Amino acid sequence: MSTTLALVPSITVIIGLNAALQKRFILPPESRLEPGNVHRSQRVEIGVGGKGQDVAVAMSCLDPSESFKDKAVLTQFIGEGAEGDTVLDALKRRHLSDELTIRNGSPLRTCTTIVSDDCATELVENSGTITEDEMNDLFARVESRTKDDKASCLCIMGSMPPGCGQNTYAELTKRLINKESLVLIDSVVGLNPLLDTLSDIYSEKGSGGAVLKLNAAELCKLANVPKKESERVTMDELKSSTSSFTSNYNIKGLNYLCVTDGKFPGYLVELAGKKRTWQMNSIDLSEKGTLYPIGAGDTVAAGTLAAWHYLNSNSGVISSTTGLKILTKEQVWCNQLATAFAFGIACGTASCLKEENSVFSVDDAGNFFDGMSEPVLME
């Protein structure tokens, strides 16, 4: 039975419509994945999958207390059956409310991560179709809980299962936020109607704003800019893709692009005002042994939004101890979003040290964040 949750001013809503049961198939030490061969596991672990669910798990690492259920809620479809029950139970153990969860009729997909000595490989199943009635149930659930109070933060993550229209994210956003809300988007699905909705909402001046977080390859593809085979994005590619994106999309409701690039430095691109670009710090993990990068990008999103929320309103899932670290850097750097993005990068980096998707030690993240220097303003 779901619990009742009023969307109080400090609540963060995470939209993760494409949930999954995450299976980690871990090979014995010094074993490598070789196509065509038989592989026997050392052990198999079951957990939570899906980009929105990864964000929720990461945020629960920042606040593992029972009070977390009053600070964050997932808007999600969870399929009926044992797989869905397993995921819901795991989320409840992390004190996540199921107030905005719809149990749909299709079985929940399973995503399998094969962890070998040198890399992690992901196998992703397709999702079942969401029916019109199930979609309408979700809209009704959201509307009934947001009539009077809107979310202070909204995180829109990843793909949508079949049956969800291109306007789904836009329609949910209309119901969930107002001009005072902070929004982080980590998806390119339904982007045009979503950006139009944000433009309308932020047409009146308020304390809110929105950022689009994506990796460099996604930005180049979205902007129809060919990307060279080199591992890291070049400055020419970044400038061309940013220029093309701003020319072809409605950016009136967006403040920044947060661009990640794997193990290489990320970039913060200002879309209004002086339209500056900063290069973020990268953190070297080359001597840390086996790394587990799946879910790291989602953890960056979680950490960035959580820190932005804290800097904007001194509330949310950030503890006072971690908050002091973030505030101290922001006072030196004088750049709220760069500080928040740096903290997100530190969280994402810390998650690479843990086998479970998007799980990290706050101490590891804090140490990485402490060692980060001020982002470099690019010419």
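The exercises below work through helix packing, cavities and selected residues of a predicted model.

Local features need pLDDT of at least 70 and side-chain atom pairs count only at pLDDT 80 or more, while totals for chains, interfaces and linings use all residues. Residues are numbered from 1 along each chain as its sequence is written, and side-chain values use heavy atoms, with hydrogens and water left out.

**Exercise 1. Packing of H8 and H9**

Task: Describe how the axes of helix H8 and helix H9 are placed, and list the residues in contact.

Solution: 

Step 1. Locate the elements: H8 covers residues 296-313 and H9 covers residues 320-333. Helices (H or I, at least four residues) and strands (E, at least two) are DSSP runs, numbered from the N terminus.

Step 2. Take the axes, which are lines fitted to C-alpha atoms, for helices over the stretch in contact, with angles from 0 to 180 degrees between N-to-C directions. The two axes come within 10 Å and cross at roughly 75 degrees.

Step 3. Classify the angle: under 35 degrees counts as roughly parallel, over 145 as roughly antiparallel, 65 to 115 as roughly perpendicular and the rest as oblique. H8 and H9 are therefore roughly perpendicular to each other.

Step 4. List the contact (heavy atoms within 4.5 Å). H8 contributes Ala-307, Tyr-310 and Leu-311, and H9 contributes Ser-320, Gly-323, Leu-324, Ile-326, Leu-327 and Glu-330.

Step 5. Sort these residues by class: six are nonpolar, two polar and one charged. Here Ala, Val, Leu, Ile, Met, Phe, Trp, Tyr, Cys and Pro count as nonpolar, Asp, Glu, Lys and Arg as charged, and the others, Gly among them, as polar.

**Exercise 2. Cavities**

Task: How many cavities of 30 Å³ or more are found, and which residues line the second largest cavity?

Solution: 

Step 1. Count: the search of the whole structure gives three. A cavity is a set of points, on a 1 Å grid over the protein atoms alone, where a 1.4 Å probe fits but cannot get out; lining residues have an atom within 4 Å of a point.

Step 2. Take the largest cavity, with a volume of about 90 Å³. Grid points are joined across faces, edges and corners, and a volume is the space filled by probe spheres set on the points. Its lining has 13 residues, with Ala-19, Phe-77, Asn-104, Leu-108 and Ser-127 nearest the centre. By class, seven are nonpolar, five polar and one charged.

Step 3. Take the second largest cavity, of about 50 Å³. Arg-24, Thr-113, Val-115, Ala-120, Tyr-292, Pro-293, Ile-294, Glu-355 and Asn-357 line it; five of these are nonpolar, two polar and two charged.

**Exercise 3. Positive phi**

Task: Where do Cys-334 and Ser-358 lie, and is each buried or exposed?

Solution: 

Step 1. Cys-334 has a positive phi of about 55 degrees although it is not a glycine. For Ser-358, likewise not a glycine, phi is about 65 degrees.

Step 2. Cys-334 sits in the loop between H9 and H10, and Ser-358 in the loop between H10 and helix H11 (362-370).

Step 3. Cys-334 has a relative accessible area of 64% and is exposed, whereas Ser-358, at 0%, is buried.

Terms used:
On a 1 Å grid over the protein atoms alone, a cavity is a set of points where a 1.4 Å probe fits but cannot get out, and a pocket is an open set with protein on both sides within 12 Å along at least five of seven lines; lining residues have an atom within 4 Å of a point. Buried means under 20% relative accessible area, exposed over 50%, partly exposed in between (1.4 Å probe, protein chains only).
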